[in-house]
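Keep the structure open as you read.

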Amino acid sequence: MKATFIFLFLVLLFSCQSSEEKQLEKVLTLAGNNRPELEKVLEHYKENEADSLKLRAAKFLIMNMPGHQSYIGKDIEEYYVEAEKIIFSDRKIDEQVNELNNLLLEFPSDDFEFKEDYSVIKADYLIQSIDAAFDDWQQGRWARGITFDEFCEYMLPYKCVEFQAFDDWRNVLKPIANDTLGDFSYNDIWNKTPYHAAEAINIKLRDTVIVDLKKPLKWHALYKVPFWCNIPSNSCETRTNTALAIMRSKGFAVSYDFVLQWPTKAHAHSWLSILIDHDRRMVCEGGHEPFLAALRPGECKGKVYRRTYSPNSALVRLNKEAGSVPSTLRNVFIKDVTDEYATTIDPVFPVLSGKRERKERYAYLAVFDNAKWIPICFS
């Protein structure tokens, strides 16, 4: 009888847990041997009632950690060592690119070992990152007008791009282009809004993130100190990631916006979207020019997405339920923001169930890149 009572009590206790508490416990369980590190973060912020908001932020990061991954092991460390010899040599930049591309033959990216962040991240690193983000939000000048939810997505994350190394990127990148803000303290209008400051920094970053190359860098895993501002790549992806990390290190709430595929030509594209105030944004291409009234006006964008830290529940369902998911839609950490860039409509199609060959629950919206059809959305 006693055992039955205990069992019923535990069932009742579990059923009373919120969905957030269940998700938190799920991740702590998944963390295995690293669970004490995550619990240390939670206990740290439980000690002081004044840290209640930081505790909510820590829970947000931990609950949404599944799917975020990091490279580990000797291969990635050896890759970093060899890449550093090349990048910080006196070779010309095109020669560096050739050598880095050749380095991938010795260290193929598919061979790099990786693990989920919840199984390797350390408490001290996560606490330091959370405290720094809160200082930038609450004590800094450039993010006072944003909400807690916006802060969690676009300032709080401990890294800016997937597979980024766990290092002191905030403090290392923070001084870059600070000289451009020297006179801001004397101008009340400029000093009270992030608009002019972010614009001035982005223009200054031209010398940092714009690279002129004859041959592209095929791939890299160089989002790590000391590589950030020395990556010899002219891709918009690298440029946007670098500018985003620099902006976040300075206390700007900024996101990575992109098109999966242009609907009228080959390739994708990415740029920065900076929160000027709650739900009010300005866009710019990393290191290229001042803020833009519109991104490439007249060019059809098809679908615009924004990278997030928390997963998109619709994409999670798609990847669990669909028989075959296109590579463009396998990343669940993105959300559709097309309506921020263009007038949108909900298209209506005739029922396709009688024409499908397989029992597929989903249909895809695709654009033609002049060679093949690329899925960019689903229903």
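Predicted model: local features only at pLDDT ≥ 70, side-chain atom pairs only at ≥ 80, totals over all residues.

Now for the overall dimensions. The C-alpha trace spans about 80 × 60 × 50 Å along its principal axes. How does the radius of gyration fit a compact globule? For 379 residues such a globule would have a value near 21 Å, and the protein chain comes in at 23 Å, so the two agree.

What is the chain built from? Its secondary structure amounts to 14 helices and 9 strands. As for how the chain folds back on itself, take the contacts between residues at least 6 apart in sequence: 70% of them join residues at least 24 apart.

Finally, zoom in on one helix pair. Helix α2 covers residues 19-30 and helix α3 covers residues 35-46; their axes come within 8 Å and cross at roughly 140 degrees. Angles over 145 degrees would count as roughly antiparallel and 65 to 115 as roughly perpendicular, so α2 and α3 are oblique to each other. Which residues make the contact? On the α2 side they are Leu24, Glu25, Leu28 and Thr29, and α3 brings Arg35, Leu38, Glu39 and Leu42. Sorted by class, the contact of α2 with α3 holds 4 nonpolar, 3 charged and 1 polar residues.

Notes. Residues numbered from 1 in each chain as written. Heavy atoms only, no water. Axes fitted to C-alpha atoms, helices over the stretch in contact; angles between N-to-C directions. Helix = DSSP H or I, 4+ residues; strand = E, 2+ residues; numbered from the N terminus. Parallel < 35°, antiparallel > 145°, perpendicular 65-115°, else oblique. Contact = heavy atoms within 4.5 Å. Nonpolar A, V, L, I, M, F, W, Y, C, P; charged D, E, K, R; others polar. Rg over C-alpha atoms; globule rule 2.2 N^0.38 Å.
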